[in-house]
Amino acid sequence: MTTPHGRSRTRGRFLTTLFTLGLALCVATPAQALLHSSSSGPSTHKGPFASNGPATPDIVDSTRRGGRAVALTFDDGPDPRNTPRLLDVLREHRVKAVFCLWGDHVRQYPDIVRRIAADGHTLCNHTMSHDDMSTWPAEDVRADLLETNAAIREAVPHARIPYFRAPYGAWGQTPAVAAGLGMQPLGWSLAVEDWAPPGTDELLRRLEEGATPGSVVLLHDGGGDRGQTVAAVARLIPALKSDGWHLTRPARRG
Ligand SMILES: [Zn+2]
């Protein structure tokens, strides 16, 4: 396979298939849809970085505490329509989440990133332009991840960015590169296709039925109008809490 370089990459055939099927942003393949873990294994790590560097780091897809706990993660923002409303909901219920930030959007809406950080949420690098990096060489991945972190820190100086999530779950060499930059690769164990979107009631049903102890839940506050996601989360959190669940953060192994 020809290796694309930098921004002028050619998207792989699987992405063409992905879009043909009408699926959207964060999920790598149709098989990774509902209830499927993102971290059934990164693709092979055969590049020079991986072979010469440390062992391939794990991709975490579970919470740091055991028992009836779930972690909420929100991808592809910040978004001026949805992120502020979502932050209101999280603040009302005193829940901390992870925001996987799209660098181009960070540059567009730095004020929202400042609010995410000020509210005590955890930041996650989700690349500059949401490219499929599955075939990128390590040096190109590294440059993009550094640029993304720089964009985040333009908005929030000295921000902690403890996680990285690959767009589409197309990990390629990104886990080792991210780990080398001090970021824990972050997968998920529950996706509910909120990008479709299927309706708030249906989203809530999928979330409540899909949540298992230790789930890392993939949701979206960006990449489109995620009003249904925000509405579902506003109902999910009190329902989970009244049922004895805890909202917590994902694990870190690095
Ligand atoms: Zn994404």
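Which residues in helix 8 meet which residues in helix 9? On the helix 8 side they are Thr200, Leu203, Leu204, Leu207 and Glu208, and their partners in helix 9 are Gln228, Thr229, Ala231, Ala232, Arg235, Leu236 and Ala239. Sorted by class, this contact has seven nonpolar, three polar and two charged residues. Keep in mind throughout that this is a predicted model.

**The chain as a whole**

Let's step back for a moment. The protein chain has 254 residues, and 48% of them are buried. Nine helices and eight strands make up its secondary structure. If you take the contacts with a separation of 6 or more, 81% of them are between residues 24 or more positions apart.

**Two helix pairs**

Back to the helices. Two packed helices are described by the angle between their axes and the distance between the axes. For helix 8 and helix 9 (residues 227-242), the axes come within 9 Å and cross at roughly 45°. That angle makes helix 8 oblique to helix 9. As for handedness, helix 8 passes helix 9 in a right-handed crossing.

Now for helix 5 (residues 110-118) and helix 6: these pack at an angle of about 80°, and their axes are 8 Å apart. Helix 5 and helix 6 are therefore roughly perpendicular to each other. Helix 5 brings Pro110, Val113 and Arg114 to the contact, while helix 6 brings Ile152, Glu154 and Ala155. By class, that contact of helix 5 with helix 6 comes out as four nonpolar, no polar and two charged residues.

**The nonpolar core**

What about the inside? The largest nonpolar core has 62 residues. Within this core, the residues with the most contacts are Leu72, Phe99, Leu101, Cys124 and Val217. Take Leu72 as an example: once you leave aside its neighbours within four places in sequence, Leu72 is in contact with Ala97, Val217, Leu219, Val233 and Leu247. Val217 turns up in that contact list, and Val217 is also one of the residues with the most contacts inside the core.

A few spots in the backbone deserve a look in your viewer. Most residues other than glycine have a negative phi, and most peptide bonds are trans. Here are the exceptions to check:

| Site | Feature | Value |
|---|---|---|
| Gly77 to Pro78 | cis peptide bond | omega near 5° |
| Ala196 to Pro197 | cis peptide bond | omega about -15° |
| His158 | positive phi | phi about 65° |
| Glu193 | positive phi | phi near 55° |

Where do these sit along the chain? Pro78 is in the loop between strand 1 (69-77) and helix 3 (83-92). Pro197 lies in the loop between strand 6 (190-191) and helix 8 (200-210), and Glu193 is found in the loop between strand 6 and helix 8 as well.

Key. Residues numbered from 1 in each chain as written. Predicted model: local features only at pLDDT ≥ 70, side-chain atom pairs only at ≥ 80, totals over all residues. Core = buried A, V, L, I, M, F, W, Y, C linked by C-beta atoms within 7 Å. Buried ≥ 20, exposed ≤ 12 C-beta atoms within 10 Å, placed from the backbone. Contact = placed C-beta atoms within 7 Å. Helix = DSSP H or I, 4+ residues; strand = E, 2+ residues; numbered from the N terminus. Axes fitted to C-alpha atoms, helices over the stretch in contact; angles between N-to-C directions. Parallel < 35°, antiparallel > 145°, perpendicular 65-115°, else oblique. Left-handed = near helix turned anticlockwise from the far one by under 90°. Nonpolar A, V, L, I, M, F, W, Y, C, P; charged D, E, K, R; others polar.
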